[in-house]
Every structure is written in C-alpha cells, then in structure tokens.
Amino acid sequence: MRPTASILVAFVAVPALAGAEPPTFTRDVLPILQKNCQTCHRAAGTNMAGMIAPMSLGSYEEVRPWTKAIANVVRAKLMPPWHASEATHGQFRNERTLAQPDIETIVKWTESGAPRGNPSDAPAAPPVSNAEWSIGEPDLIVTWKDPYFIPDDVADVQPFIQVTLTPEQLPETKWVKAIEFKPGSEVVHHIVTFLVKPGETLNPQTQQLFGIIAPGTDAQKFDDGYGIEIQPGSTVGFAMHYHKEAGPGTAAYDQSRMALKFHDKPVEHPLEISPLTYGVFEVPPGHQNWKVGAAYIFPEDVLLLQFMPHTHLRGSAARYTAYYPDGTEEVLLDIPRYDYNWQTGYDYKTYKEIPAGTRVEWELWYDNSAEKGAEAGFDSTVPVVFGGPTTDEMDLGWITYTSQRKGIKPDKFPPAPIPTQDVTTEVVAPH
C-alpha cells in the first residue's frame with residue numbers, strides 16, 4: 001500500500017475569524033487541526049488499512065514547515081480524503097469534509113505569514129486514545145499460524161488462506177457488530193474475507209462475504225440489530241492480494257489480522273455484502289474515459305447500509321444510481337474523482353430504504369491514457385481486462401444491505417448481474 005502525502009481528516013467545522021485581524025495558529029488554526037486532523041496526524045495516529053499520516057500536526061513547530069502544502073490541499077479539497085460529490089453531503093456518517101470557513105481560515109493564516117499567536121490562546125490538547133483497534137477491545141482476533149512468504153521474484157500474488165475457528169475461539173454462535181483489519185505487511189493490496197460454514201467448501205460466489213479492506217478503508221461497524229452471523233467451527237477464508245516490485249531484496253512476510261466485536265443484543269437484520277460487477281470488459285489502449293457498468297433489480301424491500309467502490313490503477317470515477325418503480329431516479333453516490341489510494345466505504349447515517357423493483361445501477365470510468373499511466377505506473381499502450389493483478393482492472397461495486405423484514409437474510413447478487421446498455425462502447429464526457 002502506498003501512503004499519500006498527507007491525511008487531513010475533518011469532521012467538525014470551526015467558524016472563520018471575523019474582522020480584518022489575521023488568523024493565528026494558537027487561536028484559530030490549532031482548534032481546526034485538533035478537531036479534524038490529529039486523529040491521524042500524530043504519533044501513532046490512525047492506520048487506515050495501511051494509509052498512515054507522514055507527519056504530526058500537533059504543535060506549531062510541527063505544522064510550520066507544512067503550511068503551504070496544507071493550504072494547497074485544503075483549498076483544492078484534496079484533503080481531507082473524501083471523494084463523494086456535494087449532492088450527498090451529510091448523508092454518510094464517516095464523511096470527511098472541511099467547511100469553507102475552515103478552509104478560508106487556513107489559507108488566510110498561510111498567506112499572512114503563518115503567525116504563531118499568543119500561546120495562552122491555545123486550547124488544551126484533546127484526550128488521545130492509543131488503543132490498537134478503533135472498534136475497541138476485540139472479542140476475537142483471527143489470523144493464520146505461520147506468516148505467508150512473498151518471494152523476491154513475485155510481483156503480484158492472490159492466495160486464499162483459510163483459518164478454521166477452534167471451540168476455544170468461538171464456543172457458540174455470535175453476531176458480528178464490527179470488523180477491523182491490520183495488514184501485516186506493506187505489500188498487502190487488499191483483503192476480502194468469506195465465511196465458510198462447518199462442512200462446506202470455500203466458494204466466494206455463494207458464501208457470506210465477511211469484511212473488506214483496501215488502501216484507506218475504515219473499520220466496518222454495524223448498528224444494534226444489524227450484523228453477520230458466525231457459527232462455531234466456521235472457517236474464515238482470507239482472499240489476500242499482495243503486490244510489490246519484483247527484484248532482489250523485495251521479499252516480504254505477511255500475517256495480517258482481523259479483529260471482531262460481537263453484539264450483546266439480539267440481531268433482527270442479517271446482513272448481505274455483495275458486489276455489482278460486469279466482470280467481462282476490455283479497456284482500449286490510450287482511452288481516457290471508458291465506461292463499464294452493471295445493475296441489479298431488488299426483488300424485495302431492502303435497506304442499504306454501505307457502498308464501497310473498488311477498482312485498480314485506472315479507475316477515475318464511479319456512480320451508483322437508483323431507478324425506482326414509480327419512474328423516478330436518484331443518484332445514491334457519485335464519485336467524480338476516484339482515488340485508488342483512498343478506497344472508502346460510504347456508510348449511511350440513516351439506512352437507505354429501497355423498495356422492491358428498484359434497479360440500482362453501478363457505473364464506473366477508466367482512464368488508460370498515457371498521462372495516467374505515467375502518473376500511476378502502468379502501461380497504457382495495452383488493452384486491459386478484468387483480473388486479479390493490480391496491473392489488470394476490477395469493477396466491484398460492493399453494497400452492504402439487508403431485508404426490511406426482520407429475521408430475513410436477502411439473496412446475494414447473481415454472479416453475472418444485468419449489464420448497462422453498450423457497456424464497452426458508450427463514451428461519456430468526463431465528470
């Protein structure tokens with residue numbers, strides 16, 4: 001996984017300074033950083049699936065060398081790392097956006113010479129948790145016995161690693177409330193896990209998807225009453241994807257971990273996690289804006305909990321749209337500037353009600369141009385198809401959902417969802 005230059009995570013807006021007096025660090029900028037950035041930008045800050053802030057922003061001395069860079073990324077809205085359009089502002093609980101007054105305060109402070117201000121104006125440092133897991137103390141940690149070895153000459157490999165839970169680990173059936181991963185090596189590209197019931201054989205097409213991470217993914221947390229059932233004697237299938245440069249001295253060992261928190265109350269809504277995917281497509285050499293899509297018509301009333309778009313290096317934009325039975329339509333999530341390094345799960349604050357007969361379309365665009373290839377490090381002169389290696393492409397539009405009826409687990413999407421028309425021929429204008 002490749003860390004980016006900075007992570008300015010923001011949740012709470014701070015009013016811009018009134019009047020002509022220039023902002024100061026201690027009075028105006030530090031409160032913004034404390035409330036919005038220091039979760040990641042501090043010593044031992046949050047590790048978001050391998051994305052780690054490269055510098056601390058806790059003090060004036062630490063922030064001062066980065067003032068121009070900070071102003072540039074917040075002005076351009078490259079940071080905080082949130083890529084959904086303004087149309088869904090406020091709908092997702094994990095939204096990371098910086099209010100315009102905050103942006104203006106940071107920019108004005110930089111342009112006025114980044115004055116420190118009176119130290120007595122500085123707010124007290126907020127309490128900091130150094131807990132290893134953001135979901136709290138896990139009820140169960142799942143990993144494999146011996147580290148997996150990726151040799152020098154391997155650039156890309158995708159093994160399935162299966163771990164059967166012992167009676168000591170899971171003596172009775174539980175419902176999962178939260179899932180968090182800790183990659184064991186920087187060569188981990190993504191992890192997808194499946195639940196295999198006792199006596200069954202691993203089959204990702206039909207079995208319960210359990211948890212997903214890629215660079216920048218948050219922990220998965222479910223509200224009371226919503227969860228995934230796990231039975232004693234189950235096997236967790238880890239679909240690992242390792243990617244690195246091949247060559248002498250590049251070998252690595254990995255022993256990634258998955259932490260689980262269990263519900264202590266009954267669960268009324270069993271969850272399904274399934275991807276909309278076309279799976280059979282080819283992006284032409286040099287094409288800057290190639291569209292692929294798939295769709296599914298829900299046969300029953302469901303609740304949507306989360307979207308997680310997943311592509312590889314060429315992904316440039318993505319969109320989920322609902323076409324309702326009454327003829328209306330709604331863009332559920334639009335990502336006009338998809339970032340491979342920040343593969344976010346978009347979690348609804350209030351779960352989205354989708355009536356039976358609704359067609360949900362998943363569309364995404366790929367940039368196989370020479371410019372993008374030079375930036376991301378791929379060969380744009382060759383056609384690209386669906387495949388596991390990072391140099392190939394994927395079109396997985398994950399959705400976490402459940403039936404609106406209590407006690408009913410909805411079906412998975414079929415392996416070959418309904419494609420949109422002219423999937424590999426339609427060319428659209430850039431977003």
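## Basis of the description

Residues are numbered from 1 along each chain as its sequence is written. Because the model is predicted, local features need pLDDT of at least 70 and side-chain atom pairs count only at pLDDT 80 or more, while totals for chains, interfaces and linings use all residues; side-chain values use heavy atoms, without hydrogens and water.

## Nonpolar cores

A nonpolar core is a set of buried Ala, Val, Leu, Ile, Met, Phe, Trp, Tyr and Cys residues joined through side-chain atoms within 4.5 Å; buried means under 20% relative accessible area, with a 1.4 Å probe and protein chains only. The largest such core has 80 residues, and Phe 210, Phe 238 and Leu 304 have the most contacts inside it. Beyond its neighbours within four places in sequence, Phe 238 is in contact (heavy atoms within 4.5 Å) with residues including Val 142, Trp 144, Phe 181 and Met 258. A second, separate core has 22 residues, among them Val 29, Cys 37, Ile 103 and Ala 114.

## Helix 3

Helices (H or I, at least four residues) and strands (E, at least two) are DSSP runs, numbered from the N terminus. Helix 3 covers residues 67-75, and its buried residues include Ile 70, Ala 71, Val 73 and Val 74. Helix 2 (60-63) and helix 4 (100-111) are among the elements covering these buried residues. After helix 3 comes Lys 77, with a positive phi near 60 degrees.

## The largest cavity

A cavity is a set of points on a 1 Å grid over the protein atoms alone where a 1.4 Å probe fits but cannot get out; lining residues have an atom within 4 Å of a point. A volume is the space filled by probe spheres set on the points, which are joined across faces, edges and corners.

The structure holds three cavities of 30 Å³ or more, and the largest contains about 90 Å³ of space. Its lining includes Arg 93, Phe 222, Asp 347 and Thr 400. Strand 20 gives the largest share of this lining, three residues.

## Strand 18

Strand 18 (residues 315-323) is largely enclosed by the rest of the structure, because eight of its nine residues are buried. Two strands pair if DSSP finds at least two bridges between them. Strand 18 pairs in the antiparallel sense with strand 21 (residues 359-366) over eight bridges, and with strand 19 (residues 329-335) over six bridges. Ala 322 stands opposite Val 360 in strand 21, and its bridge partner in strand 19 is Glu 330.

Notes: Buried < 20%, exposed > 50% of the residue type's maximum accessible area, 1.4 Å probe, protein only. 1 Å grid on protein atoms, 1.4 Å probe; cavity = no way out; pocket = protein on both sides within 12 Å on 5 of 7 lines; lining within 4 Å.
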